[in-house]
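Please keep the sequence and the model open while reading.

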Amino acid sequence: MATKKPKVVIIGAGMAGITAANKLYTAAGSKQLLELCVVEGGNRIGGRIKTSEFGGSRIEMGATWIHGIGGSPVYKIAQDINSLESQQPWECMDEFLDEPLTIAEGGHDLNSSIVEPISNLFKKLMDFAQGKAIDDGVCSEFAQSYRSSNDNLSIGSFLRKGLDAYWGSMKDQEGIDNWSRKSLEDGIFAMLENTQRTYTSAGDLHTLDFNAESEYRMFPGKEITIAKGYSTIVESLASVLPAGLIQLGRKVTRIEWQPDDGGYHQPLDVENGDDTKPVTLHFYDGSIMYADHVIVTVSLGVLKREIRDDSGMFSPPLPSFKIQAISRLGFGVVNKLFLQLSPTKDEDGYDAMKFPYLQMVFHQSDSKLRHPKIPWWMRRTASLCPIYGSSNVLLSWFAGAEALELESLGNEEIVDGFSTMISDFLVNSKHLNKLYNGHAESCFIFDKVLKSQWGTDPLFLGSYSYVAVGSSGDDLDTMAEPLPKRTNYSCNSKGSPPLQILFAGEATHRTHYSTTHGAYFSGLREANRLLQHYHCIDI
């Protein structure tokens, strides 16, 4: 009688899940060794990678950047499949070559003599937080003293105390009209903080752990987008898998597993008439699947919902060490908003519109000078810019509460909010009115809107992870630990079967969390864990 092959089920067809499937399927001898299946709750592969089109251009609703091309596996795949060039225009194809135009609320143009000192300060502070050496005397002295303090250190408090130290070393300078110099610098600093919020997904930088920031690793080289779309990376990895191996629309509702507590019993596999597989998967449609190993790649947001609502996704529940790590780590919401401008013509019939790379400096919450009709959800948005130089499609990023609010708004509310903001920022801008012959405001009318909605999508419930205050890189390592927890995973070890539930995804990688390449590395890690485990089996 032929021995049944061990069955591996991967939950989730995002970057981590598809990478694990690719590795397990293509590894030498694995086709004879393992039975493999990927189940995906949605109707597509890719997870938080979702390429789309808008206004005739290719855009990304989710993952957007290759974060450094030196050593990035995503960059190598994109090169190998020729995805870095396209005839169709794509998001950030020119890497934002235009210099940003910074305007303060009320339409006040800010020149580089005001913006650059604060931008340089912010960069030095973040460089220090990320473990890089800085040579600024005042900044360096403050930063070293902050690191040696014993409080719960956050990036938010570090940045703000750094700004206070900067102000303490500077003489008072003149402002612009109803903006004092200090309020301008405060607004510019807040604009940079808001950009950092979208980088990290931390809605409030005071919840972002300071010490963990230096563990995060970036690849060297420039950051670029993928001409043919990020989805081509996942599609390429999935292309080697046979038809039917990936099952879409298969939402898992419960995972029954056998903890290593001495009470192990082998469940009856009714499907195959034997009692060999320790994990039972229950699906939304009432069907059941049995497995020896399950690689769980759902988002940290989904895992947080599971422990918050006690929905019974895991039976028995996850052990306390896993629950505590899930609870402590941060998982935020970042959304992208695309706005298409109506085409306009000048007197000679040529396209008159070229929207600048606009950086927006808003009055702070306690200012009486705030424009009353600019909605609150716009006031922590740092920029509005074309997706490439000549495009009539504009892009703005949102994080935290503002990103969630954006998901609830209708297109008309969004257009009204941005139109009010544009009117206020452009009406007094000498630079823009010179470019558009005094008619800057009338040149920019929005006619279409497209937004991502990661926060309310039940398959994700957010965008990506961060190390929150009270958490650490150790929690990311804990996220990656298989169940049942054991020091010895040899084939001859006693107790319940090993490696029943494995975990992959960006929130399981200590140094590359929040990234697609972190998800890729985690998928490889768990596939290799299983392949290494089965080396002791005589095929």
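Glutamate 35 is partly exposed, with a relative accessible area of 36%. Here buried means under 20% relative accessible area, exposed means over 50%, and partly exposed lies in between, with a 1.4 Å probe and protein chains only. The model is predicted, so local features need pLDDT of at least 70 and side-chain atom pairs count only at pLDDT 80 or more, while totals for chains, interfaces and linings use all residues. Residues are numbered from 1 along each chain as its sequence is written, and side-chain values use heavy atoms, with hydrogens and water left out.

**Salt bridges**

Glutamate 35 has a charged partner: its side chain meets that of lysine 7 in a salt bridge, at 3.8 Å from N to O. Lysine 7 belongs to strand E1 (residues 7-11) and glutamate 35 to strand E2 (residues 35-39), so the pair ties together parts that are 28 residues apart in sequence. Lysine 7 is buried, at 10% relative accessible area. A salt bridge is counted when a side-chain nitrogen of Lys or Arg lies within 4 Å of a carboxyl oxygen of Asp or Glu. Helices (H or I, at least four residues) and strands (E, at least two) are DSSP runs, numbered from the N terminus.

The structure holds 23 salt bridges.

| Pair | Distance (N to O) |
|---|---|
| Lysine 7 and glutamate 35 | 3.8 Å |
| Lysine 123 and aspartate 127 | 2.9 Å |
| Arginine 197 and glutamate 402 | 2.9 Å |

Lysine 123 and aspartate 127 are both in helix H4 (residues 112-129), four residues apart, which is about one turn of the helix. Aspartate 127 is buried, with a relative accessible area of 13%.

The side chains of arginine 197 and glutamate 402 also meet in a salt bridge. This pair links distant parts of the chain, with arginine 197 in helix H7 (residues 181-200) and glutamate 402 in helix H11 (residues 400-408), 205 residues apart. Arginine 197 is buried at 1% relative accessible area, and glutamate 402 is buried at 6%.

Glu215, Asp474, Asp477 and Arg510 are linked in a network of salt bridges.

**Nonpolar cores**

A nonpolar core is a set of buried Ala, Val, Leu, Ile, Met, Phe, Trp, Tyr and Cys residues joined through side-chain atoms within 4.5 Å. The largest such core has 40 residues, of which Val8, Ile10, Met15, Leu24, Tyr230, Ile233 and Ile295 touch the most other members. At least two residues of this core come from each of E1, helix H1 (15-26), E2, helix H3 (73-80), helix H8 (231-238) and H16. H1 gives the largest share, six residues.

Isoleucine 10 has contacts (heavy atoms within 4.5 Å) beyond its neighbours within four places in sequence, including Leu24, Leu36, Val38 and Ile295. Another core, apart from the largest one, has 36 residues, among them Leu110, Leu121, Trp167 and Trp179.

**Tyrosine 520**

Tyrosine 520 is found in helix H16 (residues 516-533). At 14% relative accessibility, tyrosine 520 counts as buried. Which residues does tyrosine 520 touch, not counting residues up to four places away in sequence? They are Met15, Thr19, Pro73, Ile77 and Leu237. The C-alpha atoms of tyrosine 520 and isoleucine 18 are separated by 8.6 Å, although these residues are 502 residues apart along the chain.

**Strand E17**

Strand E17 (residues 393-399) has six of its seven residues buried, so it is largely enclosed by the rest of the structure. Two strands pair if DSSP finds at least two bridges between them. Strand E14 (residues 334-341) runs antiparallel to E17 and is joined to it by seven bridges. Valine 334 has alanine 399 of E17 as its bridge partner.

Strand E16 (residues 383-386) is also antiparallel to E17, with two bridges between them. Cysteine 385 stands opposite leucine 395 in E17. A hairpin of six residues joins E16 to E17.

**The whole chain**

The secondary structure comes to 16 helices and 20 strands. Of the 539 residues of the protein chain, 54% count as buried. Among contacts with a separation of 6 or more, 77% are between residues 24 or more positions apart. The accessible surface is about 23800 Å², and 49% of it belongs to carbon and sulfur atoms. Accessible areas come from the Shrake-Rupley method with a 1.4 Å probe; for residues, only the protein chains shown count as cover.
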